[in-house]
Amino acid sequence: MGRIKKKGVTGQAKNFITRTQAVRKLQISLPDFRKLCIWKGIYPREPRNKKKASKSSSASTTFYYTKDIQYLLHEPLLQKFRDQKALEKKISKALGRGDAHDAQRLERNASRPEKTGRTKYTLDHVIRERYPTFIDALRDLDDCLSMLFLFANLPTTPTVPAKMIARCERLCLEFEHYLIVSHSLRKSFLSIKGIYYQATIQGQDVLWLVPYRFNQRVTGDVDFRIMGTFVEFYQTLLGFVNFKLYTSVGLVYPPKFDKSKDDLGAELGAFSLEANGVGAIEQPKQITNGEKSKPDPKLQAEIDKLMSQLNQPEKEAEKEPASQTLAEEEDEEEQPTDTIDKFEPAAPGGDILLQPSYSATDPSTLFSNFTFFLSRETPRQPLEFILRAFGCKRIGWDAVLGEGAFTHNELDPAITHQIVDRPPLIMDPEDEPQADDNQTAQRVRPGSRVPGRIYVQPQWIWDSVNDEELKRPDLYAPGAQLPPHLSPFVQKVRGQYDPSAPLNEQEREGEELEADSDMDEEEDVSDEDDLAVQKPKAILDMDVDATAEGMDIAGSDDDEESEESEGEGSFGGFSDAEDEEEDEGTSAALQRQRELEAELTGVALEEKEIDPRAKAKADAKKKAAKKQKEDDEELERAKMMMSRKKRKILEKMVYSNKKKDAEAETLRAKRRKIEKTGKAAPRV
């Protein structure tokens with residue numbers, strides 16, 4: 001006879017453990033248990049049957065895997081928590097005895113991260129356990145960066161100490177310096193939540209969100225203790241990642257930090273990068289008013305020599321006869337080219353494949369030839385970061401925005417572009433002395449704009465970066481209606497609406513004519529409704545035409561009842577397409593009869609003027625209905641050969657596709673209407 005199994009010791013009762021049981025088993029407090037689970041990556045689990053897992057469980061009972069809790073028993077952090085708990089007991093006993101000196105001595109040894117920003121323990125071993133390889137850490141960097149950038153912009157509160165905010169800001173600035181040096185930043189998008197950034201680091205796409213620099217209002221409904229636990233873990237993670245990234249490009253980590261510059265608002269300028277064994281990397285020097293740096297004569301001579309060598313083959317090719325050029329063209333066709341192969345879908349209607357492409361200009365040198373000046377109303381921090389990440393070395397701004405600028409003089413002749421975010425206000429010279437100083441608009445006085453300088457709005461930077469090419473500055477001039485700022489993270493899907501593509505490339509055949517005909521029908525219906533509201537005139541006997549004799553007149557209820565009885569036993573009718581075919585046949589027969597009557601009587605038949613656009617709309621509508629009918633018939637024939645399971649799946653697919661097509665058609669109709677009214681923004 002086999003061993004009798006006891007109830008509640010095997011199966012789900014053994015595999016799961018409640019949170020209360022786990023806390024008692026580990027002998028720690030509930031806040032410490034939460035910290036430990038967050039750092040170790042242990043999450044609550046849901047058993048299939050809670051009553052089998054625990055007899056006393058309720059709907060709010062939290063369960064964990066028993067093996068996970070058993071794994072936590074060997075965690076070194078447990079001893080740190082127990083030591084801290086014992087120290088707290090000693091402090092409370094000393095205060096109870098009235099020994100303030102002993103309590104103060106013990107307080108110095110206690111861990112107070114909410115006050116000092118430091119802890120008596122480290123999470124280095126936890127980072128190594130959770131991320132065995134560096135690629136694993138990069139894949140989990142999205143939430144880390146979003147959380148640290150959020151805390152770097154928070155105000156100081158009792159739950160968010162100043163030292164935690166300062167460390168978050170320093171780690172974020174170090175990460176931005178790596179992106180600037182390695183030119184890893186790829187895209188950015190301005191949204192209502194904040195600014196999204198995407199960087200490619202060692203083949204991994206990292207996307208994070210940075211909030212705007214507004215005054216944050218900290219509310220009491222957010223548990224900052226839980227968020228602070230995540231921040232503590234993410235600070236250690238980003239420190240490891242920054243060290244690995246800096247050493248991979250040959251830089252010393254951590255970089256030198258100048259606190260005096262940081263107090264003056266330098267931010268990125270407060271760090272000085274050093275290469276391994278080389279020393280500090282030279283930064284561009286500040287320029288003075290009107291001074292221009294001259295190129296090195298030796299370097300200029302080498303460049304001129306190289307350009308002459310490059311231009312020499314072109315001059316020799318111009319001297320050759322035209323007969324040889326034809327032979328050379330044939331040889332060039334046979335030679336391999338540097339063009340990139342394109343991926344074509346295997347079947348028509350398949351998914352759009354991402355095509356390999358390379359830009360004519362290197363994104364890392366997009367702004368390298370320009371000198372920018374940021375007006376004081378523009379967001380300096382994101383603009384400085386993006387411009388430096390894409391090759392700009394000379395960025396100036398107003399002195400009120402902080403230190404670290406290339407120049408603070410707005411009238412410097414070396415500036416090529418100025419970022420302005422104020423609408424131009426043209427003042428009348430007579431009213432100008434009486435006007436007050438308005439900080440929200442820019443005064444345009446004679447000679448106030450520097451000749452030869454390009455003035456653009458901040459969106460020009462983002463759109464140029466996302467498209468990897470410089471946009472037309474006239475579309476982004478101060479006061480101009482800006483083009484739509486589209487998200488660069490949306491992947492194009494066949495059949496869905498694409499706001500960046502023209503309408504004629506997305507519309508199906510005859511869609512515009514059908515939409516116009518539908519609008520005309522709606523207008524006709526509205527006109528008929530207006531006429532129906534009017535009072536009908538009484539029809540006299542003399543008004544009745546003689547040709548109307550013998551025609552049936554809608555009248556008695558008996559006729560209606562007879563018609564209904566006939567309709568109940570009659571055939572339900574054919575489809576709309578067949579009715580249209582019958583209407584076409586009857587209309588042709590009537591037209592033929594009118595022609596014969598006119599020929600017999602000798603009266604000329606009045607020809608009706610047919611609007612070509614109306615005819616085209618009607619033809620397009622009929623063609624679309626015919627095509628839809630053929631597609632439906634083909635689909636029905638295909639469904640006949642399928643099993644019930646596959647037929648249900650196909651019906652769901654067809655339903656979802658029709659829903660997406662209807663949404664895309666609605667958006668196209670809305671855009672078509674806006675473009676016809678002329679209110680659409682310019683597109684680039």
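This is a predicted model: local features need pLDDT of at least 70, side-chain atom pairs count only at pLDDT 80 or more; totals for chains, interfaces and linings use all residues.
Residues are numbered from 1 along each chain as its sequence is written, and side-chain values use heavy atoms, with hydrogens and water left out.

Nine of the 10 residues of H17, which spans residues 380–389, are buried, so this helix is largely enclosed by the rest of the structure. Helices here are DSSP runs of H or I with at least four residues, numbered from the N terminus. After H17 comes Gly391, with a positive phi near 100°.

Turning to the helix pair, H3 (residues 30–40) packs against H13 (residues 224–248) at an angle of about 40°, their axes being 10 Å apart; axes are lines fitted to C-alpha atoms over the stretch in contact, and angles run from 0 to 180 degrees between N-to-C directions. H3 and H13 are therefore oblique to each other, a term for angles that are not under 35 degrees (roughly parallel), over 145 (roughly antiparallel) or 65 to 115 (roughly perpendicular). On the H3 side, Arg34, Lys35, Ile38 and Trp39 are in contact (heavy atoms within 4.5 Å) with Ile226, Thr229, Phe230, Glu232 and Phe233 of H13.

Finally, Pro161 sits in the loop between H11 (141–152) and H12 (162–182), and its 6% relative accessibility means that Pro161 counts as buried.

How values were computed
Helices (H or I, at least four residues) and strands (E, at least two) are DSSP runs, numbered from the N terminus. Buried means under 20% relative accessible area, exposed over 50%, partly exposed in between (1.4 Å probe, protein chains only).
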